[in-house]
Amino acid sequence: MHPALLFLSAWALWALSWLLAAGWTGRTEKRVSRAGSEVWLYRSLLTVGFVLLYYRVSEALGMHRLWHVGYDGAYVLAAAAIAGFLFTWWARLHLGRLWSGAVTRKEGHRVVDTGPYAIVRHPIYTGILAAAIATAVTLATVPALASIVFIAAGFWLKASIEERFLTAELGPDAYGAYRRRVPMLVPLAPAGK
């Protein structure tokens with residue numbers, strides 16, 4: 001399979017499977033307001049980031065590759081993207097019915113600190129970001145590389161909102177202890193804020 005088709009298939013399969021699994025979630029007890037300015041900002045950052053990552057944007061702007069990774073490099077980066085998607089699914093399955101696409105507290109919510117959540121506090125965001133980085137490096141255009149900044153900023157902001165919310169909802173002792181032990185988005189990074 002051509003590397004471009006492999007990337008496109010991986011993204012499409014992940015997005016479709018994620019969409020189909022969206023209904024597998026517990027009852028929401030409380031949620032962060034969707035109208036908040038921070039919510040709109042992280043959603044805007046993520047939207048811009050993913051639009052810039054789409055390879056047709058660079059073509060429409062007449063932008064050329066800054067480098068070529070070759071077929072071998074593209075296959076290695078496609079494997080990295082697929083690993084990122086598998087990491088998101090490991091996290092999604094491990095979280096079970098506590099998962100939500102929005103910042104919410106589910107019925108029976110608790111701090112999950114095992115499995116991928118022992119590696120980073122937001123493994124779903126980490127996995128998607130890893131897939132986006134692998135894709136952007138393969139595309140090697142200015143818009144694709146800029147997408148990494150927007151996507152990382154969007155996930156960092158969403159994770160920050162989620163952590164403030166969970167600290168308030170689950171208690172600073174429970175969530176604070178988790179924050180001190182496990183890094184936010186980057187494995188092996190210093191934990192803490």
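User: Which residues does Glu 163 touch, not counting residues up to four places away in sequence?
Analyst: This is a predicted model. Glu 163 lies in helix 6, which covers residues 142-170. Leaving out residues up to four places away in sequence, Glu 163 touches Arg 121, His 122, Tyr 175, Arg 179 and Met 184.

User: With which side chain does the side chain of Glu 163 make a polar contact, and at what distance?
Analyst: Arg 121 is among the residues that Glu 163 touches. A polar contact needs a pair of N or O atoms within 3.5 Å. The side chain of Glu 163 meets that with the side chain of Arg 121, at 2.5 Å.

User: Is Glu 163 buried or exposed?
Analyst: Buried means under 20% relative accessible area. Glu 163 has 1% relative accessibility, so it counts as buried.

User: Where is Ala 140, and what is its phi?
Analyst: Ala 140 sits in the loop between helix 5 (123-139) and helix 6. Its phi is positive, in a residue other than glycine. The value for Ala 140 is near 55°.

User: Is Ala 140 buried or exposed?
Analyst: The cut-off for buried is under 20% relative accessible area. Ala 140 has 0% relative accessibility, so this loop residue counts as buried.

User: Which segment holds Leu 188, and what is its phi?
Analyst: Leu 188 is found in the segment after helix 7 (172-181). Leu 188 is not a glycine, yet its phi is positive. The angle is about 70°.

User: Is Leu 188 buried or exposed?
Analyst: Exposed means over 50% relative accessible area. Leu 188 has a relative accessible area of 86%, so it is exposed.

User: How far apart are the C-alpha atoms of Val 57 and Pro 143?
Analyst: Val 57 lies in helix 3 (residues 55-60). Pro 143 is 86 residues away from Val 57 along the chain. Val 57 touches Pro 143, as well as Val 51 and Leu 52, not counting residues up to four places away in sequence. The C-alpha atoms of Val 57 and Pro 143 are separated by 7.5 Å.

User: Is Val 57 buried or exposed?
Analyst: The cut-off for buried is under 20%. Val 57 has a relative accessible area of 19%, so it is buried.

User: Which residues does Ser 58 touch, not counting residues up to four places away in sequence?
Analyst: Ser 58 is in helix 3. Its relative accessible area is 6%, so Ser 58 is buried. Not counting residues up to four places away in sequence, Ser 58 touches Met 63, Thr 141, Pro 143 and Ala 144.

User: What pattern does the protein chain follow along the sequence?
Analyst: The protein chain has seven helices and two strands. Read along the sequence, these elements give α-β-α-α-α-β-α-α-α.

User: What is the radius of gyration of the protein chain?
Analyst: The C-alpha atoms fill a box of roughly 50 × 35 × 30 Å along the principal axes. A compact globule of 193 residues would have a radius of gyration near 16 Å. The protein chain agrees with that, at 17 Å.

User: What share of the accessible surface belongs to carbon and sulfur atoms?
Analyst: Buried residues make up 45% of the 193 residues. The accessible surface of the protein chain comes to about 10200 Å². The share of that surface on carbon and sulfur atoms is 68%.

User: How far apart are the mean positions of the positive and negative charges?
Analyst: The protein chain carries 19 positive and 10 negative charges. Their mean positions are apart by 3 Å.

How values were computed: Residues numbered from 1 in each chain as written. Predicted model: local features only at pLDDT ≥ 70, side-chain atom pairs only at ≥ 80, totals over all residues. Heavy atoms only, no water. Helix = DSSP H or I, 4+ residues; strand = E, 2+ residues; numbered from the N terminus. Rg over C-alpha atoms; globule rule 2.2 N^0.38 Å. Buried < 20%, exposed > 50% of the residue type's maximum accessible area, 1.4 Å probe, protein only. Areas by Shrake-Rupley, 256 points an atom, 1.4 Å probe, with all protein chains shown as cover. Lys, Arg positive; Asp, Glu negative; His and termini not counted. Charge placed at Lys NZ, Arg CZ, Asp CG, Glu CD. Polar contact = N/O pair within 3.5 Å; in protein donor to acceptor, adjacent residues only side chain to side chain. Contact = heavy atoms within 4.5 Å.
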